[in-house]
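The sequence and structure come first.

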Amino acid sequence: MKKRISRPYRFQYRGIASSAEHNAEHDLFTDSINELYGIFDYENGNFTLPASSVTMSGLRLDSFLLVGHNPDGTLKLPPMPNFTVNPSPNAVPMAGNDGKISVNWLPLGHNSGLNADTVDNFHASQVPAPNTIPVAGNDGKLNPAWLPAGSGGGDADTVDGFHASQTPAPNTIPASLSNGKLHVNWLPTGHGGGLDADTVDTFHASRTPTPNAIPVAGSDGKIDAGWLPITGSGGGSFSYYGRLTVGTSLPASGNNEGDLFYRTTDNKLFVFRNGSWSEINWLPFVQASPEWIAGRLRVQGGQLQVSPDGTNWHNCIPCVGASVIRIATVDNTSYTRLYWIAPGQTVVLDNVNHVPIVFAKDVNPVYNGYFVVSYNNNAAVDHVIGLRPNNIALSGGEMRHMHSAINPPTSLNVVVNSNASVFPLYLLTNSGSMDYGRFSVSIRNNNVMHGITLTQIVTGGFTALASTRATIPSSSYWFGTVFVHQSTPSQLTVPHVMLTRVA
Amino acid sequence: MKYAWIENGLIFIGDLAPEGVKAFEVPDHTLPQDLKVVEGQIVPKTEEEKAEEVREKVRKEILKLARSFVNRKLEGAGYYGLGDVKIYADMNYREAQELLAWYVHFEKKLWSFLEDLKGMKAEDVERLNLQELINSFGDYTTA
């Protein structure tokens with residue numbers, strides 16, 4: 001229902017205005033009032049404003065207030081959060097007296113999700129740029145361009161909290177000196193220092209004898225015997241004496257300390273030491289010989305070979321491993337076991353009809369030797385005991401033999417024998433006999449063997465001195481067989497022969 | 001069978017000859033001394049050549065032994081040499097005259113043997129004991 005008021009009574013006001021004008025104004029006033037009243041509902045003396053009559057820029061106030069008021073007409077406000085200056089869950093931050101909210105309202109820390117636009121006015125970026133905070137790339141690392149590269153780069157104070165220094169000091173990073181090297185006191189030197197170098201003066205260390213390597217002691221505290229030269233002045237030898245046997249398998253019993261064994265199946269040399277066989281690397285000793293350097297000694301398929309001319313090669317056995325070696329394996333029939341000895345090496349042979357030692361005449365080797373042999377010459381003519389190199393009969397073996405007269409042994413006799421089939425060592429005149437003789441032999445690269453011999457002749461107890469020489473075949477490479485030169489030469493078996501290579 | 005070859009003007013004999021060298025087959029037990037080179041070929045010496053070599057060798061040997069034997073004899077008697085003996089013999093020293101007679105006998109025996117040696121076979125020569133032979137030449141008594 002709408003409130004309306006009644007138009008008042010019309011009257012005429014004298015002189016001032018006609019009643020018609022007055023009434024018109026009055027009616028206009030009344031109509032305006034009623035028009036205003038028409039907005040409101042009126043009931044029981046109360047005006048109410050219909051919500052449907054109110055619009056707010058297209059928003060209907062009744063719709064807005066439909067669920068937002070209480071039964072008594074008051075507005076129903078939604079639940080309001082807790083406003084507080086102290087950070088707490090489900091609360092609305094409120095500024096403190098300083099006008100700022102507490103920093104604890106912010107989600108700090110890694111993965112907090114806080115995403116600031118700048119830090120101290122600096123923006124962040126993965127791409128290096130001036131006045132920018134670096135951000136790791138997808139690989140989790142900074143772009144290297146962020147770093148001050150080059151000699152004009154940055155200078156860190158520490159690395160992981162450690163300072164750098166050229167002077168050795170605890171808890172310090174070493175820096176090289178002006179020569180580009182660290183001060184030696186940075187290293188834990190000295191025995192027990194734990195310093196483990198890769199090489200020393202570019203040489204590696206090894207337990208196994210190896211060329212150009214530094215020897216290391218084995219578990220027994222001793223270096224392998226293969227490190228030592230076979231001969232030399234004094235202590236350079238493996239041992240003073242050894243007995244060398246040749247075969248296909250190592251003897252399991254009957255071995256003595258220092259025994260040597262050459263295995264023909266793989267050309268390896270062993271020494272019996274501390275109750276077991278140990279391999280000797282014979283190659284370094286061979287390679288150190290003058291004939292190896294001269295190209296007259298080589299290893300072919302593991303087999304040592306000697307050559308008289310660099311073209312024809314012959315197998316031989318390295319006789320190394322002790323200062324004095326008694327060669328126990330000889331072939332008195334076919335002479336198939338021939339041995340190479342290095343300068344300084346001494347060998348002993350028993351009951352041999354040949355001297356199975358090879359040589360290379362191109363290096364002009366010199367040997368000293370001894371014969372322990374009993375030989376009697378009961379023939380009318382002289383007998384010459386000597387060698388046939390390579391078991392080849394010679395012609396022109398020459399000997400100048402000087403000895404004292406038999407009785408009394410005061411005058412000197414000279415015998416010249418110039419056509420022997422051997423390289424002469426000893427000469428026995430008729431009725432002469434010998435027990436012992438020694439010789440010095442030089443083998444020259446012009447195929448001439450020279451000798452100086454000394455013989456103890458039993459008859460009369462005197463001594464003979466001889467100078468000998470012979471031209472040998474150019475194919476000669478071993479000392480050869482022992483023969484007595486006479487009208488019908490005969491091969492002689494010598495109880496003991498000792499031979500030392502001087503050079 | 002063995003092989004003989006020439007190298008540096010000398011003859012060598014072995015089981016095998018060096019490669020590329022002209023070799024000659026020779027019987028076993030042949031010595032280079034049994035062979036000679038004739039016009040580049042190796043040929044055996046004749047038996048007479050070998051016997052002569054043996055005889056020459058013995059001749060030298062026995063002369064050497066004889067010289068030694070005589071020297072010992074003279075030294076044992078206190079003389080320096082045959083000239084010394086001759087001087088004392090001319091001075092009618094009996095001992096020197098006997099020693100001179102011994103030497104004449106010895107030399108006669110020696111040269112007689114050397115004449116015989118020229119006709120001896122090689123094997124007979126090699127069987128001689130020269131020292132015993134010399135000693136036998138020296139057996140002489142004036143009685």
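## Chain A overall

Of the chain A contacts (heavy atoms within 4.5 Å) between residues at least 6 apart in sequence, 49% join residues at least 24 apart. The model is predicted, so local features need pLDDT of at least 70 and side-chain atom pairs count only at pLDDT 80 or more, while totals for chains, interfaces and linings use all residues. Residues are numbered from 1 along each chain as its sequence is written, chains are lettered from A and ligands numbered from 1 in the order in which they are written, and side-chain values use heavy atoms, with hydrogens and water left out.

Four helices and 35 strands make up the count for chain A; these are DSSP runs (helices H or I, at least four residues; strands E, at least two), numbered from the N terminus. Chain A has 503 residues, of which 35% count as buried. Buried means under 20% relative accessible area, exposed over 50%, and partly exposed in between (1.4 Å probe, protein chains only). The chain exposes about 28,500 Å², with 53% of it supplied by carbon and sulfur atoms; areas come from the Shrake-Rupley method with a 1.4 Å probe, and for residues only the protein chains shown count as cover.

## Patch and cysteines

A nonpolar surface patch is formed by Val103(A), Leu106(A), Leu108(A) and Leu114(A), with about 370 Å² of accessible area together. Patch residues have over 30% relative accessible area and no salt bridge; like charges are joined within 9 Å, nonpolar side chains (Val, Leu, Ile, Met, Phe, Trp, Tyr) within 5 Å. Leu114(A) sits in the loop between β6 (91–93) and β7 (123–125) of chain A and is partly exposed at 46% relative accessibility.

Over all chains there are zero disulfides, defined as pairs of cysteine sulfur atoms within 2.5 Å. Cys316(A) is buried at 1% relative accessible area, and Cys319(A) is buried at 0%.

## Salt bridges

The whole structure holds 18 salt bridges over all chains, each a side-chain nitrogen of Lys or Arg within 4 Å of a carboxyl oxygen of Asp or Glu.

| Pair | N to O distance |
|---|---|
| Glu53(B) and Lys45(B) | 2.6 Å |
| Glu52(B) and Arg55(B) | 3.1 Å |
| Arg94(B) and Glu98(B) | 3.2 Å |

Glu53(B) is partly exposed at 35%, whereas Lys45(B) is buried at 15%. Glu52(B) and Arg55(B) are three residues apart in helix α1 (residues 47–77) of chain B, so about one helical turn separates them. Arg94(B) and Glu98(B) lie four residues apart in helix α3 (residues 94–117) of chain B. Bridges with shared partners join Glu48(B), Glu52(B) and Arg55(B) into one network.
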